[in-house]
Amino acid sequence: MDSSEPAGTFSRLNRDQIGALSGYGVRRRTRAGELLVQEGRRQRDLFVVLSGAVAMVEGPGTAEERLVGVHGPGAFLDEVGLLTGQPSFVSAVVREPGEVLAVSVAALLDFVARDPRLGDAILRAFLCRREQLLGSVAGIRLIGSRFSPDTRRLREFAARNRIPHSWTDLEEDAGAERLLRRMSVGPDQTPVVVWRDGQVLHNPTNAELAGLIGPGAIDELPGSMVDVVIAGAGPAGLAAAVYGASEGLATVVLDAVGAGGQAGTASRIENYLGFPAGITGAELADRAVVQAEKFGAVIAAPAAVAGLSRGTGTTRCASTAAAARCAPARWWSPPAPATGGSTCRASPSSRAPASITRRRSWRRGSARSGRSWWSVAATRPARRSCTWSSTRGRCGW
Ligand SMILES: Cc1cc2nc3c(=O)[nH]c(=O)nc-3n(C[C@H](O)[C@H](O)[C@H](O)COP(=O)(O)OP(=O)(O)OC[C@H]3O[C@@H](n4cnc5c(N)ncnc54)[C@H](O)[C@@H]3O)c2cc1C
């Protein structure tokens, strides 16, 4: 059985596309039963099946083994977690021997920068696959009572970060207690998170869960000095990250719960510009994350910003419970409103992402015909934020 189809979850690459991608990867033979990707593995290549067949399997070799699909020649493996650094939620096992093309993530990003149409096709398939995983029993298993605040916290964290998971309610599932006993877990130690390879976390913090399965934990962030720190990875924060990082600023986004904000949980957003058929909140969030990371922004969650303070010299620090991230920034008050100036929408700090950046001078004749986008104007003491589209170096608010 080959699950491939022309577009979507099981889309294939044609001969020309494989030819173009070949220069970015390494061909190698496969043998039946070979494990190409193991569940739980973060670092992995993109595999394109050149010949033979590869099965995507949940829990291979366990009593709960489940076949997700089979990829034949032309198909590529994996899902959006490959790009966001999340562990694989399914294993890829060679069913029929043949040949694969292995492409590293760095080489893949390099390739799609040159061939955005193919990049978009791959991304669309990756997002469809994540959507499928979210609706399946793949991923972590959470066992806890619906009345437990910690169960609710962990479920929210998993949902907000679009982590594939299933939940067993201790109040309803008769087999749950038996399962806990088998794992030597008492009811007072719940909720527990069970991961495929037998790892059991007892009432983990959100940070511990992120360390196990999340896209980016705060302790994985690079050095402390950056150009821009953005607190909040909702649509506004992610947009600021895309604009900041695409302008070459070293950008870090810290979110208390997970990237996507409220929008990440919306089943369908019909009024987002450019998506006439609507888009799910999860897809919008994942696309924004991939876009921001493509430009080099680093996104960490959970990382609640507890305060903004002065550092040394011109630096400003955003502190979280875990660490402080400093930006070589200056507080900057935008010029007074001027007639004919460009528009600037400012929102109160409670809703807008609080960002710190150094002031950038207006670049004449930029690639965007003299229009520069950047964020953020943070003024004291009101701490307002805006994304500023300027054609004349003035901010009209
Ligand atoms: C179910 C649902 C459906 C919706 N559908 C639509 C729709 O169809 N159309 C529409 O226009 N709008 C819709 N909305 C509203 C839309 O999602 C919001 O307007 C939008 O998400 C606001 O974006 P934002 O980035 O400003 O804030 P938010 O999305 O609220 O993001 C703020 C982020 O900041 C983080 N944060 C907060 N405090 C801190 C801190 N101290 N440190 C670090 N991070 C912090 C939060 O965790 C959050 O991720 C919907 C909302 C929901 C909940």
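This is a predicted model: local features need pLDDT of at least 70, side-chain atom pairs count only at pLDDT 80 or more; totals for chains, interfaces and linings use all residues.
The ligand is surrounded by 21 residues, and the closest of them are Arg160, Asp255, Gln262, Asn271 and Val305.

**Ligand surroundings**

- Sorted by class, the shell around the ligand is made up of eleven nonpolar, six polar and four charged residues.
- Asp255, one of the closest residues, has an N or O atom in its side chain at 2.6 Å from an oxygen atom of the ligand.
- Gln262, also listed among the closest residues, places a side-chain N or O atom 2.8 Å from an oxygen atom of the ligand.
- At Ala236 it is the backbone that takes part, with an N or O atom lying 2.9 Å from an oxygen atom of the ligand.
- The ligand taken alone exposes 990 Å², and the protein buries 62% of that area.

**Packing of helices H3 and H4**

- Helix H3, covering residues 105–114, packs with helix H4, covering residues 116–134, at an angle of about 125°, and the two axes are 5 Å apart.
- On the H3 side the contact is formed by Leu108, Phe111, Val112, Ala113 and Arg114, while H4 contributes Pro116, Leu118, Gly119 and Ile122.
- The residues of this contact between H3 and H4 comprise seven nonpolar, one polar and one charged.

**Backbone geometry in loops**

- The peptide bond that leads from Thr190 to Pro191 is cis, with omega near 0°, and Pro191 sits in the loop between helix H6 (176–182) and strand E8 (192–194).
- A cis peptide bond, again with omega near 0°, runs from Ala301 to Pro302, and Pro302 is found in the loop that lies between strand E12 (298–300) and strand E13 (305–310).
- Arg162 has a positive phi of about 50° although it is not a glycine, and Arg162 belongs to the loop between helix H5 (149–160) and strand E7 (165–169).

Methods:
Residues are numbered from 1 along each chain as its sequence is written. Side-chain values use heavy atoms; hydrogens and water are left out. Axes are lines fitted to C-alpha atoms, for helices over the stretch in contact, and angles run from 0 to 180 degrees between N-to-C directions. Helices (H or I, at least four residues) and strands (E, at least two) are DSSP runs, numbered from the N terminus. Contact means heavy atoms within 4.5 Å. Ala, Val, Leu, Ile, Met, Phe, Trp, Tyr, Cys and Pro count as nonpolar, Asp, Glu, Lys and Arg as charged, and the others, Gly among them, as polar. A residue is near a molecule or strand if one of its heavy atoms lies within 4 Å of it. A polar contact is a pair of N or O atoms within 3.5 Å; within protein, one must be able to donate a hydrogen and the other to accept it, and residues adjacent in sequence count only if both atoms are side-chain atoms. Accessible areas come from the Shrake-Rupley method with a 1.4 Å probe; for residues, only the protein chains shown count as cover.
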